[in-house]
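I'm opening my notebook on this one and jotting down what I look up as I go. I'll pick some residues, then some strands, then the rings.

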Amino acid sequence: MKKVFLILLLAILSVNSVFSFDLTDSQGQEKSYFSLSNPTIFVKTTENLTNFTIAYTLSQEIVKEIAFIPCDSSYCADVSLLELITEQNESLPEFTTYIVNVNNQTKEVYLDSKTPEVSFSNSSLNSSSKVLTLNFNYSDNSEKIAKVELFEEINSQNVLLKEVSNLTTYDYTVSSIGNKVFVLKVTDMAQNIKEQRQAFAVEDIFGPQISTYTIIKKDDKINLNFKITDEHIQKYEISQNNLTLSEIVTGTSVEKTIVLPFSSGNILFKVYDQNSNIIEKT
């Protein structure tokens with residue numbers, strides 16, 4: 001009984017391993033999707049076969065019969081899917097499916113001639129949280145997108161933020177003002193690539209900085225030493241109860257020492273920039 005089972009198992013394995021063939025691109029990479037920039041398929045088998053056929057998937061109509069030639073210890077042939085369309089005097093479709101049939105073994109291949117669709121839409125900035133929300137859309141005629149990447153363009157170089165496949169939004173934390181340029185790059189299964197750029201102007205959403213702040217009481221005088229910085233400083237105010245001192249200032253950095261006409265106790269120090277951003281200390 002064991003001998004019969006072993007014979008049957010060997011018979012099944014031998015049937016399944018009787019024949020196989022490889023289907024790659026011109027660089028020897030196994031793949032099913034091909035683009036106009038790389039439309040040539042390379043068929044290879046170790047069997048001594050005369051030819052193979054390529055047919056349309058839907059109609060099963062044979063488009064072409066191709067002869068194998070010896071290559072090393074195997075048999076191979078290459079054929080351009082683009083030339084197949086030209087030979088049939090047909091206009092270039094966006095997406096075509098073929099069946100490669102070698103010795104009754106079949107594999108499907110696809111010629112995708114169209115790049116994906118990409119767009120940005122309705123991006124918005126939350127000034128309080130300093131978060132720029134980027135909204136985007138993408139699609140492909142084959143409905144087979146391999147990768148979606150979001151970059152920030154810095155000094156003409158694309159710096160990857162994140163692979164955002166299956167996402168349509170991304171929260172970008174703003175750390176500085178100025179124009180922010182983003183690039184959305186979509187790659188489909190055939191390696192067709194489409195990029196879309198989006199520029200977003202980030203205005204001054206950052207409050208001024210009080211980098212130095214000391215109060216010294218000496219000889220009945222109260223001195224306030226401070227240094228403030230911002231892209232566009234507008235003024236500072238120092239107040240206690242109903243008394244307020246203020247001064248309009250300009251520039252990106254102001255450093256001063258002021259004698260305060262206040263008594264001991266709490267004082268409020270406020271700094272404003274030209275975009276009404278405020279920082280205060282007590």
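Before anything else I need the naming: strands (E, at least two residues) are DSSP runs, numbered from the N terminus. I also remind myself that this is a predicted model.

**Entry 1: lysine 185**

I looked up lysine 185 and found it in strand E16, which covers residues 178-188. Is it buried or exposed, or something in between? Buried needs under 20% relative accessible area and exposed needs over 50%. Lysine 185 has 21%, so I write it down as partly exposed. I then listed what lysine 185 touches, skipping neighbours within four places in sequence: Lys147, Val148, Glu149, Phe151, Ile193, Lys194 and Glu195. I also checked valine 118, which is 67 residues from lysine 185 along the chain, and their C-alpha atoms are separated by 8.0 Å.

**Entry 2: threonine 53**

Threonine 53 sits in strand E4, residues 51-56. Its relative accessible area is 15%, so I call threonine 53 buried. Leaving out residues up to four places away in sequence, threonine 53 touches Ile62, Lys64, Glu65, Ile99, Val100 and Asn101.

**Entry 3: the nonpolar cores**

Which residues have the most contacts inside the largest nonpolar core? I got Ile41, Phe52, Ile54, Tyr98 and Val100, in a core of 22 residues. Among the elements giving two or more residues to this core are E4, helix H2 (81-87) and strand E8 (95-102).

**Entry 4: a three-stranded sheet**

I traced an open sheet of three strands, in the order E18-E19-E22, with antiparallel pairing.

**Entry 5: aspartate 204**

I found aspartate 204 in the loop between strand E17 (193-202) and E18. Aspartate 204 counts as buried, since its relative accessibility is 8%. Its contacts, not counting residues up to four places away in sequence, are Ile177, Asp230, Glu231, Asp273, Asn275 and Asn277. Aspartate 171 is 33 residues from aspartate 204 in sequence, and the C-alpha atoms are 19 Å apart.

**Entry 6: rings**

I counted twelve aromatic pairs. Phenylalanine 95 and tyrosine 110 have ring centres 5.8 Å apart and planes at 15 degrees, so I log them as stacked. Phenylalanine 95 belongs to strand E8 and tyrosine 110 to strand E9, 15 residues apart. Phenylalanine 95 is partly exposed at 29%, while tyrosine 110 is buried at 16%. Phenylalanine 136 and tyrosine 138 also stack, at 6.4 Å centre to centre and 25 degrees between planes. Phenylalanine 136 is buried, with 1% relative accessibility. Ring pairs also join Tyr213, Phe226, Tyr236 and Phe269 into a cluster.

Last, I looked for charges over rings. Lysine 107 lies over the face of phenylalanine 21, 4.7 Å from the ring centre. The charged end of lysine 31 sits over the ring of phenylalanine 34, 5.3 Å from its centre.

Methods. Residues numbered from 1 in each chain as written. Predicted model: local features only at pLDDT ≥ 70, side-chain atom pairs only at ≥ 80, totals over all residues. Heavy atoms only, no water. Helix = DSSP H or I, 4+ residues; strand = E, 2+ residues; numbered from the N terminus. Buried < 20%, exposed > 50% of the residue type's maximum accessible area, 1.4 Å probe, protein only. Contact = heavy atoms within 4.5 Å. Pairing = 2+ DSSP bridges. Core = buried A, V, L, I, M, F, W, Y, C linked by side-chain atoms within 4.5 Å. Phe/Tyr/Trp six-rings, centres within 6.5 Å; stacked < 30°, edge-to-face > 60°. Lys NZ or Arg CZ within 6 Å of the ring centre and 35° of its normal.
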